[in-house]
Amino acid sequence: MIFSINFCVIQVINHGMTSLFLDKVREVSRQFFELPKEEKQKCARGLGTTDTEGYGNDNYSDLKRNDWADRVYLKVHPEDERNLKLWPQKLNDFRNTTQQYTECVLQLYEVILRAMSKLVNLEEDCFQKECGERAATYMRINYYPPCPKADHVLGLKVHSDPSTITILLQDKEVEGLQVLKDNKWFKVPIVPDTLLINVGDQMEIMSNGIFQSPVHRAVVDSEKERLTVVMTCRPNSEKEVKPIDKLVNESRPVLYKTVKDYAILYPKISPYGRPIDQCKI
Ligand SMILES: O=C(O)CCC(=O)C(=O)O
Ligand SMILES: [Fe+2]
C-alpha cells in the first residue's frame, strides 16, 4: 500500500481492485442515471425508512441553491440493514457489483483505519473499536450533468464529510473535486486507478483534531458529464463518539464534545461548511 498524504486527502494505489473492476463499478453506477425517470423515481428519497436514503438531491430547507447534480444514496453495510426497496430493480449487475465493491471497500477501510491508529501510536484496532459494532457504510453516487453556466453553480456545495473516512472513486476523465487549503481551492488531479481517501469529521473528533477533515467541493464542466462513487464509512449511529482518551493530555486537552448520530444530525444544523466547528469546546 502506498500513501501520499496531503492534508488528509490520501490517494491510494495497490488497493487490490483492478482497473477493469473499477470501470465496472462506474458503469453500473452510470446505468442507474440512464434509467427512465419512472424507474429512478421508484428509488426516490422518502419512500424508504429514512429520509436521507434513496434517489434525489439533498433537501435542506435553507439551502439557497441546489447542487447541480443528480444522486442516489444507499446504505450498503451492514448487509441486513440495506433498504433494498430503494435499490434499482431493473439493473441486473447493480446488486452484484455493489456487493463486491462494498466488500473490497470494507477491507480497504480496515487497512486504512489500522494504519491511522498506528500513526498516532494507538492499538491497531482502536479507531475501528471506537466506531462500534455494526458500523455503517453508505454509497453515494454523484452524477454531475454538464452545465452551460458552469461558473455559476456547484456540483456539490462546500462541505466536509460527516464520516469516519470516505473512499472516493473519481470519474475516469473529468476532474471536479477541489480541496480548500490556506483559503485557496486546489484541484484534486485524476490519478488512474487510485482511490481517494478523505478524512471525515468523526475521525477528526476521535483523533482529537490530529487528523482534520478537509473542506471540499465539486465543480462542474460546461461540456462533459462527471460521475463519482463515494463510500462513506461511519460509526454506528448509537455509538457515542468522542476524542480517544490516549490522545488527550495536558498539552492537548479535549477539543471536541461527545456526539451521537453525528452524520445525520450535524449537517442538518449546519448545511454549509464544517458542521464540526459546532462540536469544538
Ligand atoms: O464528486 C466529488 O468529487 C465529491 C463528492 C463528495 O465530496 C461527497 O460525495 O461527499
Ligand atoms: Fe464530500
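Me: Is D161 buried or exposed?
Reply: This is a predicted model, where local features need pLDDT of at least 70, side-chain atom pairs count only at pLDDT 80 or more, and totals for chains, interfaces and linings use all residues. Residues count from 1 along each chain as written, and side-chain values use heavy atoms, without hydrogens or water. The label here rests on relative accessible area (buried under 20%, exposed over 50%, partly exposed in between, 1.4 Å probe, protein chains only). D161 has 7%, so the word is buried.

Me: And H216, buried or exposed?
Reply: For H216 the relative accessible area is 3%, so H216 is buried.

Me: Which residues coordinate the iron ion (ligand 2)?
Reply: Donors are N, O and S atoms within 2.8 Å of the metal (3.2 Å for Na, K and Ca); water is not among the atoms, so sites may look incomplete. At 2.1 Å, the iron ion (ligand 2) has H159 (NE2), D161 (OD) and H216 (NE2).

Me: What parts does the pair D161 and H216 tie together?
Reply: Strands are DSSP runs (E, at least two residues), numbered from the N terminus. D161 lies in the loop between β6 (156-159) and β7 (165-169), and H216 in strand β11 (residues 216-218), so the pair ties together parts 55 residues apart in sequence.

Me: Which strand does β8 (residues 177-181) join through three bridges?
Reply: Two strands pair if DSSP finds at least two bridges between them. L177 has A218 as its bridge partner. The two strands run antiparallel, and the one joined to β8 is β11.

Terms used
Chains are lettered from A and ligands numbered from 1 in the order in which they are written. Helices (H or I, at least four residues) and strands (E, at least two) are DSSP runs, numbered from the N terminus.
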